[in-house]
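Please find below some notes on how the chains meet. The points start with charged pairs and then turn to the contact as a whole.

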Amino acid sequence: MSAVIIYTAVAIAQFMLVVAMAIAAVRMFRGPRAQDRIIGLDTIYINAMLLLVTFGIGTGRMIYFEAASVIGLLGFVSTVALAKFLMRGEVIE
Amino acid sequence: MIYPASDLSLPIALAVAFFLLLGAALALIGAIGFLRLPTFYERLHAPALGTSWGIGGIMLASMIYFTAASSSLVVHEILIGTFVTFTTPITFMLLARAALHRDRTARSHGVPRKYPIGPEERPRKDDDPQAS
């Protein structure tokens, strides 16, 4: 019974997160200016991280946590670099 | 090491399912708001829904699940939670400043204006109801 509840919740949560990623991808391709595309990318990586943690709950393994933390770290660095590039026109001065 | 879900008791499974669905639904609502809001400065607010309680709900569900399934305290999800909570305001503030800079140099409409602009446009102290 508890396994059925958890697997159903994981399936619904994964569906919601995939739809959220698709919506953010629509805004990333349509976005009128560059800053909209960067926030779309930011939303996509946050949702991918959540999807990996949800997948880890569904399979019952803790390995996916490390992958999620790597996605979080690299996504933060890339978003900061892109914002710096928009601000200055170059990343490292 | 695999921790199967069938070992859990029913209240713990319900709590895990509740927090999972809460986090995923908030992430989805944030993405929909990000698609539908009209201007960039309004769109900036919507994904923060997913990065605050979206992250919080799913990390809480993961902590409850692995603590109950492995019958020992597992709290390393707090690491990702605090990291994202600290870094999201930094990225959004940097992006908002970059967008303001770009909009001001492009002189487009609807940009939040900067004080002080000039002596005649500056809000005076006797007009301001906050300053007594």
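1. Over all chains of this predicted model, a search of the whole structure turns up two salt bridges. The count between chain A and chain B is also two salt bridges.

2. One of the pairs is B:Asp103 with A:Arg33, whose side chains meet at 2.4 Å, N to O. B:Asp103 sits in helix 4 of chain B (residues 77-106), while A:Arg33 belongs to the loop between helix 1 and helix 2 of chain A, so this pair joins two chains.

3. A:Arg33, with a relative accessible area of 29%, is partly exposed.

4. Another salt bridge is formed by the side chains of B:Arg43 and A:Asp36, at 2.9 Å, N to O. B:Arg43 lies in helix 2 of chain B (residues 40-43) and A:Asp36 in helix 2 of chain A, so this pair, too, joins two chains.

5. Are B:Arg43 and A:Asp36 buried or exposed? B:Arg43 is buried, with a relative accessible area of 4%. A:Asp36 counts as buried as well, at 2% relative accessibility.

6. Which elements of chain A give two or more residues to the side that touches chain B? They are helix 1 (2-30), helix 2 (34-59) and helix 3 (63-88) of chain A. Helix 1 of chain A supplies the largest share of that side, 18 residues.

7. The residue classes on this side of chain A can be stated briefly. Where chain A touches chain B, 34 residues are nonpolar, twelve are polar and six are charged.

8. As for the extent of the contact, 52 residues come from chain A and 55 residues from chain B. Between them the two chains bury about 4,700 Å², and 80% of this area is on carbon and sulfur atoms.

9. For the charged pairs, the text could name B:Asp103 with A:Arg33 and B:Arg43 with A:Asp36.

Definitions and conventions. Residues are numbered from 1 along each chain as its sequence is written. Chains are lettered from A and ligands numbered from 1 in the order in which they are written. This is a predicted model: local features need pLDDT of at least 70, side-chain atom pairs count only at pLDDT 80 or more; totals for chains, interfaces and linings use all residues. Side-chain values use heavy atoms; hydrogens and water are left out. Contact means heavy atoms within 4.5 Å. Buried area is the accessible area (1.4 Å probe) that two parts lose on being put together, summed over both. A salt bridge is a side-chain nitrogen of Lys or Arg within 4 Å of a carboxyl oxygen of Asp or Glu. Helices (H or I, at least four residues) and strands (E, at least two) are DSSP runs, numbered from the N terminus. Ala, Val, Leu, Ile, Met, Phe, Trp, Tyr, Cys and Pro count as nonpolar, Asp, Glu, Lys and Arg as charged, and the others, Gly among them, as polar. Buried means under 20% relative accessible area, exposed over 50%, partly exposed in between (1.4 Å probe, protein chains only).
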